Amino acid sequence: MPQLRCPVCGLPVEVPDDALPGELYEHECGATLELYETGNGLSLRVFEGLEEDWGE
Amino acid sequence: MPTALLVYDVARLDEKLLLDRMRRLFDRVELLHLPSAVLEFTSRGGLVGADIAVQRSISFYRAVTSTAALEAQGLRVVNTSHAILVSGDKAVSTGLLVRNRVPVPETLLAYGLESTVKAASLLGYPVVVKPVQGSWGRLLALARDEEELRAIVEHREYMGALYRVQYVQEYVRKPGRDIRATCIGDSVPAAIYRVSGSWITNTARGGRAEPARVTPEMEDLTLRACKALGVEVGGVDIVEHPEKGLLVLEVNAVPEYKNVMRVTGVDVAREIAEYLYGEAKR
């Protein structure tokens with residue numbers, strides 16, 4: 001997995017090789033990040049948080 | 001060899017465990033990450049190809065709509081869009097459960113403040129007021145008297161049309177726990193107690209999971225509840241009423257099972273994967 005960076009603080013984020021799009025990471029800067037597919041690989045974006053219709 | 005599609009949005013431990021078990025059985029498992037996906041109702045050919053799909057979206061609306069789109073392309077999806085839709089609405093699912101003679105707590109619907117007060121007086125306080133759509137125990141309210149009920153309903157009347165449907169239910173004095181039973185096809189491989197000092201026992205709200213023995217009565221009730229809603233893989237919430245016995249609260253059509261696996265030792269993810277594999281080979 002190429003090294004990914006936190007879009008909030010710019011520091012590197014450790015993402016395992018078998019990570020899937022949709023996985024969430026709590027970064028040391030306090031941001032919750034979501035792994036997503038860009039079309040050219042994986043990247044990180046700020047997780048938008050729980051939605052009203054989420055859950056079981 | 002069958003192929004499968006895992007439809008999801010957030011890759012939780014539940015989804016990763018299921019993916020791992022599916023990869024052990026299926027020739028190929030594709031991922032459909034809904035936040036990045038484009039789905040077509042009218043197929044342009046080969047957009048989505050698999051023998052079976054499993055719906056694991058944490059979002060109710062994404063789960064229903066993406067399943068409907070995949071079904072339109074001829075894909076077999078577990079659970080079906082109809083099962084997810086009816087399970088996601090407490091009023092609709094309660095109606096189907098009652099029609100199919102599945103015991104539920106006494107429940108009334110009301111659409112205005114005064115009619116809700118009347119409904120509560122018919123049940124007797126305390127009553128539980130629930131949104132007809134909602135998850136993880138959100139916005140459940142306990143009204144111990146008319147004053148509290150009026151405050152709850154008045155707040156909800158400002159929250160939009162969905163919250164003006166008042167689902168009013170008898171408060172069951174349960175023994176500090178309720179039951180989550182897992183249904184997969186025609187079997188109930190595991191169940192847990194969700195133990196809490198609070199009247200809300202969802203593990204998402206701090207309830208502690210403990211293993212429960214699947215009794216014949218629990219198994220029968222779980223299977224009948226899932227069948228009533230057309231749910232193949234489901235989590236059935238059951239409450240122990242001190243006089244009426246086991247009653248079904250609701251059926252979850254995209255159930256979480258990591259806590260069930262952790263405390264019971266039953267590999268629910270593997271059992272779901274095996275069910276999907278069997279269905280795909282049909």
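User: What is the volume of the largest cavity?

Analyst: First, the idea: on a 1 Å grid over the protein atoms alone, a cavity is a set of points where a 1.4 Å probe fits but cannot get out, and a pocket is an open set with protein on both sides within 12 Å along at least five of seven lines; lining residues have an atom within 4 Å of a point. Grid points are joined across faces, edges and corners, and a volume is the space filled by probe spheres set on the points. Here the largest cavity has a volume of about 340 Å³. It is lined by 27 residues, of which K130(B), L140(B), K174(B), N202(B) and L249(B) are the closest to its centre.

User: And what am I looking at, in terms of model and numbering?

Analyst: This is a predicted model, where local features need pLDDT of at least 70 and side-chain atom pairs count only at pLDDT 80 or more, while totals for chains, interfaces and linings use all residues. Residues are numbered from 1 along each chain as its sequence is written, chains are lettered from A and ligands numbered from 1 in the order in which they are written, and side-chain values use heavy atoms, with hydrogens and water left out.

User: How many cavities of 30 Å³ or more are there, and what classes of residue make up the lining of the largest cavity?

Analyst: There are four cavities of 30 Å³ or more. For classes, Ala, Val, Leu, Ile, Met, Phe, Trp, Tyr, Cys and Pro count as nonpolar, Asp, Glu, Lys and Arg as charged, and the others, Gly among them, as polar. The lining of the largest cavity then has 11 nonpolar, six polar and 10 charged residues.

User: How do I read the largest pocket, and what is its volume?

Analyst: Look at the volume, then at what surrounds it. The largest pocket has a volume of about 420 Å³. Among its 28 lining residues, D53(A), F60(B), G88(B), G134(B) and S135(B) are the closest to the centre. Elements are DSSP runs numbered from the N terminus: helices (H or I, at least four residues) and strands (E, at least two). Those giving two or more residues to this lining are α2 (60–72), α3 (81–87) and β13 (245–252) of chain B. By class, the lining has 13 nonpolar, nine polar and six charged residues.

User: How many helices and strands does chain A have, and in what order do its strands form a sheet?

Analyst: Chain A has zero helices and five strands. For sheets, two strands pair if DSSP finds at least two bridges between them. In chain A, three strands make an open, antiparallel sheet in the order β3-β4-β5. Because β3 (24–26) and β5 (42–46) of chain A stand at the edges with a single partner strand each, one side of each is left without a neighbour in the sheet. Strand β4 (residues 32–37) of chain A is joined to β5(A) by five bridges, and E37(A) has L42(A) as its bridge partner.

User: What is the order of the five-strand sheet in chain B?

Analyst: Its order is β11-β10-β9-β12-β13, and this open sheet is antiparallel in its pairing. At its edges stand β11 (208–212) and β13 of chain B, each with a single partner strand, so one side of each is left without a neighbour in the sheet. Strand β10 (residues 187–195) of chain B pairs with β11(B) over five bridges. There V195(B) stands opposite R208(B).

User: How do I describe two packed helices?

Analyst: Two packed helices are described by the angle between their axes and the distance between the axes. Axes are lines fitted to C-alpha atoms, for helices over the stretch in contact, and angles run from 0 to 180 degrees between N-to-C directions. Contact means heavy atoms within 4.5 Å. Helix α4 (residues 90–99) and helix α7 (residues 216–229) of chain B pack at about 115 degrees, with axes 9 Å apart. In that contact, S93(B), L96(B) and L97(B) of α4(B) meet A225(B), A228(B) and L229(B) of α7(B). These residues divide into five nonpolar, one polar and no charged. Helix α7(B) also lies across β9 (177–184), β10, β12 and β13 of chain B, at about 40 degrees to β13(B).

User: Which residues does a cis peptide bond join, with omega of about 0 degrees?

Analyst: Y125(B) and P126(B); P126(B) lies in the loop between α5 (113–123) and β6 of chain B. Another cis peptide bond joins V78(B) and N79(B), with omega about -5 degrees. N79(B) is in the loop between β4 (77–78) and α3 of chain B. For the backbone angle phi, look at R101(B), which has a positive value of about 60 degrees although it is not a glycine.
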